[in-house]
Amino acid sequence: MPDFPPLVGIIMGSQSDWATMRHAAEMLEKLDVAHETRIVSAHRTPDRLREYAVTARGRGVRVIIAGAGGAAHLPGMCAAWTPLPVLGVPVESQALKGIDSLLSIAQMPAGIAVGTLAIGRAGAVNAGLLAAAILAGADAALAARLDAWRAAQTDAVPPEPSP
């Protein structure tokens with residue numbers, strides 16, 4: 001992974017969210033995108049959330065990926081504190097299997113945008129890819145790495161099923 005400053009911040013509401021959010025970090029590592037990870041709870045550490053969000057841009061962060069389960073306020077509250085793009089990843093909850101988180105993140109009022117991804121691992125992987133795509137618009141080397149990753153993914157699909 002390249003040296004800091006991180007270009008992508010990955011935040012989550014609790015340690016248990018790491019099981020999902022690690023997939024975003026792994027995707028960014030595959031694409032050689034500098035990133036950082038933090039536990040920042042909208043409910044239990046609101047001052048930490050505010051500090052993280054308001055200082056992110058000044059520290060070089062260009063995109064924030066925020067994973068949250070249950071009421072899932074973290075992505076929206078983060079977006080309220082920063083002008084940076086915030087990508088919300090709903091973490092699967094026990095009670096409603098992440099549907100609650102998905103709806104909480106997706107239902108942002110007009111004027112405070114949060115890009116909402118799929119529930120769980122797929123959403124975290126795609127958040128990493130989307131963050132890289134956002135950054136690739138101003139980074140030709142990253143664009144080439146992203147193109148190569150996509151080409152490798154295409155090449156890995158066989159034209160016919162194995163017997």
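Guide: Welcome! Residues are numbered from 1 along each chain as its sequence is written, and side-chain values use heavy atoms, leaving out hydrogens and water. As the model is predicted, local features need pLDDT of at least 70 and side-chain atom pairs count only at pLDDT 80 or more, while totals for chains, interfaces and linings use all residues.

Visitor: Why is A72 called buried?

Guide: Buried means under 20% relative accessible area, exposed over 50%, and partly exposed in between (1.4 Å probe, protein chains only). A72 has a relative accessible area of 4%, so A72 is buried. Its place is the loop between β3 and α3; helices (H or I, at least four residues) and strands (E, at least two) are DSSP runs, numbered from the N terminus.

Visitor: And why does D32 count as partly exposed?

Guide: D32 has 34% relative accessibility, so the label is partly exposed. D32 sits in the loop between α1 (18-30) and β2 (35-39).

Visitor: What makes the phi of D32 worth a look?

Guide: Most residues other than glycine have a negative phi. D32 is not a glycine, yet its phi is positive, about 60 degrees.

Visitor: Why is strand β4 described as largely enclosed?

Guide: Five of the five residues of β4 (residues 86-90) are buried, so the rest of the structure largely encloses this strand. V86, G88 and P90 point one way, and L87 and V89 the other way.

Visitor: How do you know that β3 and β4 pair?

Guide: Two strands pair if DSSP finds at least two bridges between them. Strand β3 (residues 63-68) and β4 have five bridges, in the parallel sense. In one of them, V86 of β4 is the partner of I64.
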